[in-house]
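Hi everyone, thanks for coming. Let's have a look at the structure on the screen together, one topic at a time.

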Amino acid sequence: MKLMLVRDSFSSNSTDGVLFVDSRPFCNTLEPAQGKKVKFGKGCCIAPGLYSIDLHYSPKFGKYMLTLCGVRGRSGILIHSGNTPRDTVGCILVGKREECGRLSYSGSNLDKLFDCCLEAISKEPITIIIKNK
């Protein structure tokens with residue numbers, strides 16, 4: 001299964017994009033601003049590139065989460081729910097874009113994405129390409 005995140009809007013507070021699943025638009029994404037260190041200094045948005053995705057247990061969320069693997073110099077990069085850049089410490093939030101820097105329906109979009117990935121992971125590897133428009 002191939003995911004692709006195309007970042008299309010950059011502000012001083014956020015990086016917004018569109019997530020495609022097997023070449024079809026699936027939902028919107030939200031990350032911290034490029035180059036901006038977020039709380040606790042743990043990172044900013046993920047460098048463009050190709051990454052694998054696995055399921056790992058997250059003690060913070062108390063469940064298995066979609067986790068990006070192979071992000072240089074970083075670990076614990078999740079795809080999770082949230083509505084604003086304050087809801088991420090360098091992870092990718094999914095939902096429906098209300099306006100630049102704000103998502104809605106994040107939980108339901110995450111559930112749908114997780115279900116798609118859970119079905120696919122037993123048959124094929126999951127990868128994500130992240131690129132800037």
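Before we start, one term: a residue is called exposed when its relative accessible area is over 50%, buried when that area is under 20%, and partly exposed in between. And keep in mind that this is a predicted model.

So, with that in hand, take Tyr 64. Its relative accessible area is 51%, so we call Tyr 64 exposed. Tyr 57 comes out at 47%, so that one counts as partly exposed. Why bring up these two? Because they make an aromatic pair. The count for the structure is one aromatic pair. Tyr 57 and Tyr 64 sit edge-to-face, with 5.6 Å from centre to centre and an angle of 75° between the ring planes.

Next, the strands. Let's begin with strand 6, which covers residues 77-80.

If you want a spot to look at, find Leu 66, which stands opposite Ile 79 of strand 6. Strand 7, residues 92-99, also pairs with strand 6, but here the sense is parallel and there are two bridges. For that pairing, look at His 80: its bridge partner in strand 7 is Leu 93.

Now the cysteines. How many disulfides does the structure hold? For a disulfide, the two sulfur atoms would have to be within 2.5 Å. Cys 100 is in no disulfide either, and the nearest cysteine sulfur to it, in Cys 45, is 13 Å away. Cys 100 has a relative accessible area of 42%, so Cys 100 is partly exposed.

Cys 45 turns up again in my last topic, a pocket. The second largest pocket has a volume of about 170 Å³. Eleven residues line this pocket, and the closest to its centre are Cys 45, Ile 46, Ala 47, Arg 72 and Arg 74. What kinds of residues make up the lining? Seven are nonpolar, one is polar and three are charged.

Methods
Residues numbered from 1 in each chain as written. Predicted model: local features only at pLDDT ≥ 70, side-chain atom pairs only at ≥ 80, totals over all residues. Heavy atoms only, no water. Phe/Tyr/Trp six-rings, centres within 6.5 Å; stacked < 30°, edge-to-face > 60°. Buried < 20%, exposed > 50% of the residue type's maximum accessible area, 1.4 Å probe, protein only. 1 Å grid on protein atoms, 1.4 Å probe; cavity = no way out; pocket = protein on both sides within 12 Å on 5 of 7 lines; lining within 4 Å. Points joined across faces, edges and corners; volume = space filled by probe spheres on them. Nonpolar A, V, L, I, M, F, W, Y, C, P; charged D, E, K, R; others polar. Helix = DSSP H or I, 4+ residues; strand = E, 2+ residues; numbered from the N terminus. Pairing = 2+ DSSP bridges.
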